[in-house]
Amino acid sequence: MNQEEIGKFIAQQRKNKYLTQEQLAERLNVNNRSVSRWENGICMPDLSIIKELSKELDITVSELLNARRMSKEELMEMKEMIYCQSCHMPLQEESDKGKNADGTISEDYCKYCFENGEFINYKTVEEAIADSVNYAEYAGFTKEEMLEYAKKMYPTLKRWNN
Ligand SMILES: [Zn+2]
């Protein structure tokens with residue numbers, strides 16, 4: 001994380017939004033000097049304010065911290081490394097994972113899709129895609145964006161790609 005780069009990026013995004021430092025400060029309920037200090041790379045915005053700041057600048061937190069705009073695909077990949085190969089839910093914890101027929105933990109599927117070696121939800125990829133819009137908000141997408149993304153991505157998952 002490069003504070004100076006992040007500062008420049010904040011300044012650039014602020015200007016893109018036609019906001020002055022004062023206006024941005026006011027929206028965030030901080031004083032003008034804070035914005036100036038972030039932009040000059042003197043300090044980082046507090047974690048508590050990063051989310052709000054990203055929102056005002058119309059960028060994601062990942063983009064802010066990486067000091068550049070990123071594609072949707074890139075953003076999805078950054079979030080987590082392992083996804084359920086049926087519904088694309090991130091498998092962050094062992095307890096998120098389903099179980100194989102022999103009781104061992106599945107490395108591929110979540111517990112909502114896979115239990116005792118069998119799939120327990122969707123029957124077709126179309127069903128899985130249609131259901132994906134319910135998770136749009138979690139993924140930081142609008143429903144339309146989620147659907148578009150799901151149509152491209154779900155057919156590549158292990159369960160659906162043969
Ligand atoms: Zn799943």
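**Two helices and a chain**

Modeller: The axes of helix α2 (residues 21-28) and helix α3 (residues 32-39) cross at roughly 115 degrees and come within 8 Å. Axes are lines fitted to C-alpha atoms, for helices over the stretch in contact, with angles from 0 to 180 degrees between N-to-C directions. This is a predicted model, where local features need pLDDT of at least 70 and side-chain atom pairs count only at pLDDT 80 or more, while totals for chains, interfaces and linings use all residues. Residues are numbered from 1 along each chain as its sequence is written.

Colleague: Which residues of α2 and α3 meet?

Modeller: Gln21, Glu22, Leu24 and Ala25 of α2 meet Asn32, Ser34, Val35 and Ser36 of α3. Contact requires C-beta atoms, placed from the backbone, within 7 Å.

Colleague: What makes a run a helix or a strand?

Modeller: Both are DSSP runs, numbered from the N terminus: helices are H or I, at least four residues, and strands are E, at least two. The chain has nine helices and four strands.

Colleague: How do you know how the chain compares with a compact globule?

Modeller: By its radius of gyration, taken over C-alpha atoms; the globule rule is 2.2 Å times the number of residues to the power 0.38. For 162 residues a compact globule would be near 15 Å, but the chain has 20 Å. Its C-alpha trace spans about 60 × 30 × 25 Å along the principal axes.

Key. Contact = placed C-beta atoms within 7 Å.
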